[in-house]
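Have the coordinates open as you read.

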Amino acid sequence: LGSDSIHAEVAARSETPETFVPPRGPVEEKLFEMWREFLKIDKISVHDNFFELGGHSLLLIQIENRIQKVFQVELTLRILFNATTIAEMSKAISAKQVEQEDPTEIARMIAELQELSPAELEAYLEAEAI
């Protein structure tokens with residue numbers, strides 16, 4: 001398949017509402033922008049497969065480097081080869097970020113959140129775009 005036919009197929013598939021899911025949070029938004037830049041495709045669902053969209057190992061290495069800079073996490077190529085969608089990559093990044101956090105700091109943050117009223121908690125979550 002040529003590049004044009006791949007783009008046409010992706011565009012047609014992405015038009016159906018049941019298959020197209022836009023980015024749902026800040027991590028997915030940043031990954032979406034990376035994929036859009038590297039794959040040269042404007043409309044990408046978070047469940048689209050990187051390799052089916054024309055991605056290949058060299059592009060994945062570039063994305064790996066960008067992920068390290070943007071999210072301050074190191075994901076192995078093995079993880080990225082298995083996490084072939086934006087949704088899966090987002091989960092892998094979040095898991096790695098949690099893994100890297102100091103347990104004492106996490107406990108402190110949880111304690112602070114538990115002290116907030118429901119309204120304060122809602123305002124906090126909205127401000128953080130969670």
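Let's begin with Arg36, which makes a salt bridge to Asp42, with 3.7 Å between the closest N and O atoms. Keep in mind that this is a predicted model. Arg36 is partly exposed at a relative accessible area of 33%, while Asp42 is exposed at 61%.

Next comes Arg66, whose side chain meets that of Glu37 in a salt bridge of 2.9 Å, N to O. Arg66 sits in helix H3 and Glu37 in helix H2, so this pair ties together parts that are 29 residues apart in sequence. Both ends are partly exposed: Arg66 has 26% relative accessibility, and Glu37 has a relative accessible area of 39%.

Glu112 and Arg108 form a salt bridge with the closest N and O atoms 2.1 Å apart. They are four residues apart in helix H6, so about one helical turn separates them. Glu112 is partly exposed at 43%, as is Arg108 at 37%. Elsewhere, salt bridges with shared partners join Glu33, Arg36 and Asp42 into one network. The count of salt bridges comes to seven, and three of them are tabulated here.

| Salt bridge | N to O distance |
|---|---|
| Arg36 and Asp42 | 3.7 Å |
| Arg66 and Glu37 | 2.9 Å |
| Glu112 and Arg108 | 2.1 Å |

Now for H2 as a helix. Its 14 residues, 26-39, reach 20 Å from the first C-alpha to the last, close to the 20 Å expected at 1.5 Å a residue. Which residues of H2 are buried? They are Val27, Glu28, Leu31, Phe32, Met34, Trp35, Phe38 and Leu39. Seen down the axis of H2, these buried residues fall within an arc of 165°, so they line one face of the helix.

Just past the end of H2, the backbone does something worth checking. Lys40 takes a positive phi of about 60°, although Lys40 is not a glycine. This residue lies in the loop between H2 and helix H3 (57-71). Lys40 counts as exposed, because its relative accessibility is 64% and the cut-off is over 50%.

Gln72 is another non-glycine residue with a positive phi, near 60°. Its place is in the loop between H3 and helix H4 (77-82). With 56% relative accessibility, Gln72 counts as exposed.

Is Ala92 buried or exposed? Ala92 is buried, with a relative accessible area of 17%. Leaving aside neighbours within four places in sequence, Ala92 is in contact with Leu75 and Ile79. The C-alpha atoms of Ala92 and Leu80 are separated by 8.4 Å, and the two residues are 12 apart along the chain.

Finally, the greasy surface. Leu113, Leu116, Tyr124 and Leu125 form a nonpolar patch there, with about 280 Å² of accessible area together. One of them, Leu116, lies in the loop between helix H6 (103-114) and helix H7 (118-128). Leu116 is partly exposed, with a relative accessible area of 31%.

Key: Residues numbered from 1 in each chain as written. Predicted model: local features only at pLDDT ≥ 70, side-chain atom pairs only at ≥ 80, totals over all residues. Heavy atoms only, no water. Helix = DSSP H or I, 4+ residues; strand = E, 2+ residues; numbered from the N terminus. Expected span 1.5 Å × (residues − 1). Buried < 20%, exposed > 50% of the residue type's maximum accessible area, 1.4 Å probe, protein only. Arc of directions from axis to C-beta. Contact = heavy atoms within 4.5 Å. Patch = residues over 30% accessible without salt bridge, like charges linked within 9 Å, V, L, I, M, F, W, Y side chains within 5 Å. Areas by Shrake-Rupley, 256 points an atom, 1.4 Å probe, with all protein chains shown as cover. Salt bridge = Lys/Arg side-chain N within 4 Å of Asp/Glu carboxyl O.
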